[in-house]
Structures are given as C-alpha cells and as structure tokens.
Amino acid sequence: MMRHAETEAAVADEKNGRPVKISVRNLTKRFGDLLVLDDLTFNIHANEFVCVVGPTGCGKTTFLNCLTRIYEPTSGDLLIDNASADPQKHNISFVFQEPSAFPWLTVEENLAYGLKIKRVAKGEIERRVNQILDLMGLQQFRKSYPGELSVSIEQRVIIGRSFAMRPDLLLMDEPYGQMDVKVRFYLEDEVIRLWKELGSTIVFITHNIEEAVYLAERVIILSNKPACIKEELVLDLPRPRNIAGSEFIQYRKYITDKIKWW
Amino acid sequence: MDKVSNKMEIRQISKTFFASKGYFVAIEDVSFDVRDGEFLVILGPGHCGKTVLLNIVAGLDKQTGGRVLYDGTPMDGVNNQISMVFQKLALMSFKTVMQNVELGLTFRGTPKNERRKISQKYLDLVGLTGFEKSYPYQLSGGMKQRVGIARAYANDPKVLVMDEPFGQLDAQTRYAMQEELLKTWEKDKRTVIFVTNNIEEALYLGDRIVLLSECPAKVKAIYPVDLPKPRDMTGKIFLDLRAEISSNTDLAI
Amino acid sequence: MMNLEEKKKSGLELFLYWGLPILAILLVVGGWLWFAISNPRLMPNPLQVYERLIRTFTRPVAKVNLFGHAFASLGRVLMALVFAWVIGIVLGILIGWSRVCKAVIGTIFEIIRPIPPIAWIPIVIMWFGIEEFPKVLLVFIGTFVPLVINTAAGIGLVDKINIDVGKIFGGNRFQILAQIVIPTALPSIFAGIRTSVSSGWTTVLAAEMIAAQHGLGALVTRGWQGSDMALVMVAVITIAIIGAFLAFSLNKLEKWVCPWTK
C-alpha cells in the first residue's frame, strides 16, 4: 500500500532502491486558534540524512515534539514502515541541544542503557558499545562519569548512545548549537562517519545553514510560522564537502535567502 | 598625522588559581594593546581563561602577575570608564527593562528625568522601544542581550567589554544581533573588547583578532582584519581567513 | 508555549486540576463518617461537631467564643511574627553578607538551630511564667530561626555575576546590597517567611496546650481533658482552616511583592 512519493528527490531515491522509511502525512498542529504546523507532508527514505531548517521561531520545536509524540498532532500522522508510529513498537531516538547523559552511569553504562531496556542480548550490547567507542575514539573515557567530561564529550556520548540503539528514526535537535566552529566541524565529520558506518535514518534540525549544507543529503526548508514546507532541496555534493567551494556557497546563500529574517 | 594611540595596554598578565590540592594556571603571559576606538575581538576555544582575562581587564578580578594600563596608568579595581556586557544571567530579574538599563545611572544618583532620557535613547537604539516595562523573563534570548548592551551603553563608558554576549543564542538570532551590534557601534563608536569562541563572529565584527590558545591561555597570534564592514560571511577572503584562523586554533573537544 | 498549552485544557486536565482535589476532600470526609459511625465513642460525627461549634458561641469556653480563641492565637502569632521578621531578616542579611557576622552570629545559630521550638517550652515557662510574654517569646523563637537561616542562605547564594554587574556599574557596597543582593534573595527570604508562618502557627498551639486560658490550643486541651472530642474537632478544624488561609494569603503576597517570579 505504498503511497507515491511526490518529490523529485523521492523518485530519485526509489530508483536508488531506498524504500520510504518515514512518512509524514498532512501533519498539522494547532494550539487553540494558533496554527503552528500547517499540513506538512514529506517522506524520508531508509538511511537518508535529512536536515530541517527554518527561521527562528518557525515552530521547529513543535515539529520535533510532534515527531517524538510529546505532542499529539491536531491532524495528520507519522508513519514508520507504513504503520502509524508507536513508541512501543518503533524505536525513535533523540539528541537534544543540552547533553543529557545519566550522571550516575559511566560512559559505557550510558551507551548500554537503552539497549538493556530493549532487552538486547548481552554479547550484542558489548559488541555495539565497543563499536561505538571505537568509531568515536572514546575508549579512554569508557569508565568515566559524565560529570568528569567536557560538554562536547558528553554530547558525543549521547549521540553514540542514540546510534547504538539502531533506531528506526534518529532525531537530532541542534546538537552542536553552542559549540565553537572547530569543534562543530569535527563533530559534524564524526556524525557523518557514524551514519555511513551504521546506516541510520536521520532528521537533523538546525538553525545553522552552513551546518545543514555540510551534512544533508536533502534539506527541508520550513517557512515562517505557521510552518509549511517551503522547499525541498537535494544536495548532491561529494563528501567530504568543501565549505569554501563555489557550489557549497551557492547552496548556502540560496537557503539563507529563503529563510532570512534578520 | 594618524598615530595610533592605545586606550589600554595588557602587559604580561598571568593568573594562577591556588586550591588545597595544588594550583591551576588559567592565563600565562598575555600581552596585547587595545587601540582607541577599535573593535578588538579576543578569540579563544573552549572555556579556558577568557572570562578570567576579561574580568581582569575590567577590574573585577586580580591578576597574579603583570599589569593592565588604562590611558597609561595601572588599573586598580573597577573603573567607571569601562562597562561590560555579561555572558548570561546578568540582568536583574526583579527590575524592568528600563530599570535594568538605568542601573549605572541610578547608582550614580542621576536625577530620574535625565536617567529616563538617556536610557530611552539606548533602548531605542537597540530596538527595544515598547518593552520598557517588561521583566526579563518576558523577553526572548536576543532581546535580553540587547538589554545588556543598552545597559552598558547607558553608563556612557569609553571602553565596552563584552563577554560572549551571543553565546547562548541560536545561529540566526546571532547573525541578527551581530548586525545590530555593528550598526549600534557605528552610530555611537566606543572602544570595544569582545570575547567569543566563534571564529565567524570574530571575523565578522573585529578590526583585530587576538587568538588565544587552550589552557593555559596565551596569545597565539594577532590578526588584523582589513575587510570593509558589513562583511560578507561567504566571501572568499573571509572564508580563507576563517580557514587560516581555524587551522591555528586548538581543538577543544 | 505554556500559555498556548493552557488554553486547550482538555476534560482530563480539568478533572486532574479540580476533580482530584475535591475527590481527596470527599475521601477524608467519607473516612471520617465511616470512622465516626463505627466508633461513636472515639469520634463524633460531622453533625455533632457542627452542634458543638454552635455551642462555642452560645456557651463560650472561658468566657470567650470560638472567634475570641482564634484571635487570641492569631494575635500571639502575629505579634511574634512582626518581631521575628524584622530581627530575623536583618540578622539573616548580616550573616549572609558579612563574613565577620557569619563567623560570630552564624556560629551561634548553628548551635541553636537544631533545638526544636517545643523544647524551649519548659525553659521559657520556668524563666518567664505562663503569662502572655513567654507564649509570644516561644512563637518568636519558632519563627525566627527559619527566617534567619533562609535569609542567610538566600543572600549567600546570590550569583557572583550579579555582584560583578553592580561593581561594573559603579555601585558601592551598600547599593549593591540594597539594590541587587537583597532583591535577588527575596524569593528565598519569602520561603523563610512561609516556613516561619507555618512554624509559628504550630508553636503557638503547642504553647497554648500547656498553659493558657484562651486560644485554640487551650480549646484543644480543654476538650481533651473533658473528654469532649467534638470540641477538640472544632478546634482542630479551625486550626486547619486558618493555617490554610495564612498559606494562601502569603502566596498572594509573594506574587504581589515579587512580580518577576512567575
């Protein structure tokens, strides 16, 4: 019962053989009389890396909270593998702007936590935790507590924890918002490495256009409130991307023009 | 005759913190000049030393070595010529926007009418007209920082010290605030010392950039930025400079 | 976002907000009824208590009706509170602000602080007898201690950055204390005031139960000694109502004095 994808991107993807993983259908959210999300419809394919950008205050947080089911949408639905998203059945992981590792668990216990809850076999937990620690170069911190680490390392632990879950959908809400440029580039490269190695479906929300153009295979541009989809843009730039390259800058300028309010 | 004069001179500043279990060097032998009327950016990665250095420059903290000269004389404690925009939490939650901006004038005993007039001028300048009676909790992050900037201006300082004023804002609001700060500064020029960990911000705002190292903070390099303002963040020279400074910056993971 | 959320309070939320508290009260009354019916000698039923209430006006106890007793208690508490507030807040500010005061007065306080107000009763009675003054003094002790502690803690916890702001903007020590530190600490001072009121209200009853002609505590003792359980209940319910009313008025007062705390 696959619905047909509307966008050019989706068509291209189906040719590439990536099935639709997430399907957002006519997502609308009102608070009283205030319309915040206006009929958002889009698909995300398995293993796709999508960035969502929009002007400050456009309703990105509400959008995220509807995807995570913190808010019940007023109308519309979120389908995962063609079934209505259900926290019992599907596995949605989040990374928020503020790191939120459990302070009473060590790094490796933090990484294993979600897997234990999901009753993953012990050997498998160990294998995945080790894999994450290796991929992120965090082996030396495995016995440390979050309080002993810097904010950026704590944030990486959270990101690692989310990847270890092999989620159906990984939602990231501006995880590098407060980091300085150098750290941000480092972490952006790291998240791409994790995504390539482990293959996850990622929705990455950001205010930073440069970050979106650096990371995304496809960018969804939201309009000002009430948020609707202004445009979807496929970025077929080779990786690693050159932030000073002319095509990169063209994309950056183009998207900036679409949402600029300042 | 265009001789550059120094408003402040920072000479071999160092700061060591002593604790029961030994000591910690936050700043080591930092020297630079602050020229009269310039927008000087202090750029440093991570969390080491920047705020401490700024507090020393502003007279809030004591260095363990070195001297800070203001107009050629050594500083001792705070100086009413130097005003500061703080990183966070620095608005008085129990005061309205207007009362916050008036703070320095109130302390000095300026008569109410005059106080109101001056504060209103700077509230208008930063675009907060109409919010005079609001409390800080009713404002967005960007607006709160504007109150902080207006408050510093209303004190009529010769030198404005800004400690990562936009660090807590999202990228877009940050751009907006940078543009506004630049406009405000061009309309009412003061010597500015601006601290940030964001290379793009440093390059957008600074006449010169003092690049600090990771712990302990030392001066790595001083970059003059000879691009006209407002600057294009996607321009080639801008991006090249950004790459150059970035490669010279310590990675503070 | 909060306001918007509040607008669309659903039936369930209304039930949680209003229904559950009402249900809780009904449960208490129901439990009382059940207990009174099954143990009529231990517990009078609500009707008997109501009749006893009327009788406190037609046949006053110790020549004073219920209002008279309530005002006697309230008067003692308020008198003690006025002194405690003035002296306690001033002392608390001194301890929180000045290191010398902290070293001297603070130390004395650390010693006195663990003594519960009731433990002072024998000492105070032996020294001052059973007139009005010792009762007010007892209440004063009970209200004064929490005030000093909360005020001192509140002053001590004021963020250093706020004091720095004061210095940068040219405030002298006194201006910084009066215009920055004390207002910043006002919410914790209010927490002290709230504790002092509830503590004062309990201490006055304890003092009156031991030695008093008038007051709600005296009423409780009177009922208890005369096996007049209905009178005890009348006094207890009055105590509860006045206590709740005091807490409620303080909340309103705090909102009025500190409009910046939501």
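Chain B meets chain A through 21 of its own residues and 19 residues of chain A, where two residues count as being in contact if their C-beta atoms, placed from the backbone, lie within 7 Å. On the chain B side, H6, helix H7 (199-205) and helix H8 (236-247) each bring at least two residues to the side that touches chain A; helices (H or I, at least four residues) and strands (E, at least two) are DSSP runs, numbered from the N terminus. H6(B) has the largest share of that side, with 6 residues. Sorted by class, the side of chain B that touches chain A holds 10 nonpolar, 8 polar and 3 charged residues. Here Ala, Val, Leu, Ile, Met, Phe, Trp, Tyr, Cys and Pro count as nonpolar, Asp, Glu, Lys and Arg as charged, and the others, Gly among them, as polar.

A word on the source: this is a predicted model, in which local features need pLDDT of at least 70 and side-chain atom pairs count only at pLDDT 80 or more, while totals for chains, interfaces and linings use all residues. Residues are numbered from 1 along each chain as its sequence is written, and chains are lettered from A and ligands numbered from 1 in the order in which they are written.

Chain B also touches chain C, with 19 residues of chain B in contact with 17 residues of chain C. Strand S6 (82-85) and helix H3 (103-108) of chain B each give at least two residues to this side, and H3(B) provides the largest share, 4 residues.

As for the chains themselves, chain A has 8 helices and 10 strands, and its C-alpha trace spans about 45 × 45 × 40 Å along its principal axes. For the 262 residues of chain A, a compact globule would have a radius of gyration near 18 Å, and the 18 Å of chain A agrees with that; the radius is taken over C-alpha atoms, and the globule rule is 2.2 Å times the number of residues to the power 0.38. Chain B likewise comes with 8 helices and 10 strands, and its C-alpha trace spans about 50 × 45 × 45 Å along its principal axes.

Within chain B, the domain assignment gives domain 1 (1-81 + 158-167 + 177-253) and domain 2 (90-156), with bounds that come from an automatic or database domain assignment. The C-alpha centres of these two domains of chain B lie 25 Å apart. Between them, 9 residues of domain 1 of chain B are in contact with 9 residues of domain 2 of chain B. Helix H6 (residues 171-187) of chain B gives the most to the domain 1 side, with 5 residues. That side divides into 5 nonpolar, 1 polar and 3 charged residues.

Then there is a helix pair in chain B. Helix H4 (residues 112-125) and helix H5 (residues 141-154) of chain B have axes that come within 9 Å and cross at roughly 140°; axes are lines fitted to C-alpha atoms, for helices over the stretch in contact, and angles run from 0 to 180 degrees between N-to-C directions. H4(B) and H5(B) are therefore oblique to each other, given that angles under 35 degrees count as roughly parallel, over 145 as roughly antiparallel, 65 to 115 as roughly perpendicular and the rest as oblique. From H4(B), B:Ile118, B:Ser119, B:Tyr122, B:Leu123 and B:Leu125 meet B:Ala150, B:Tyr153 and B:Ala154 of H5(B). The contact of H4(B) with H5(B) comprises 7 nonpolar residues, 1 polar and no charged.
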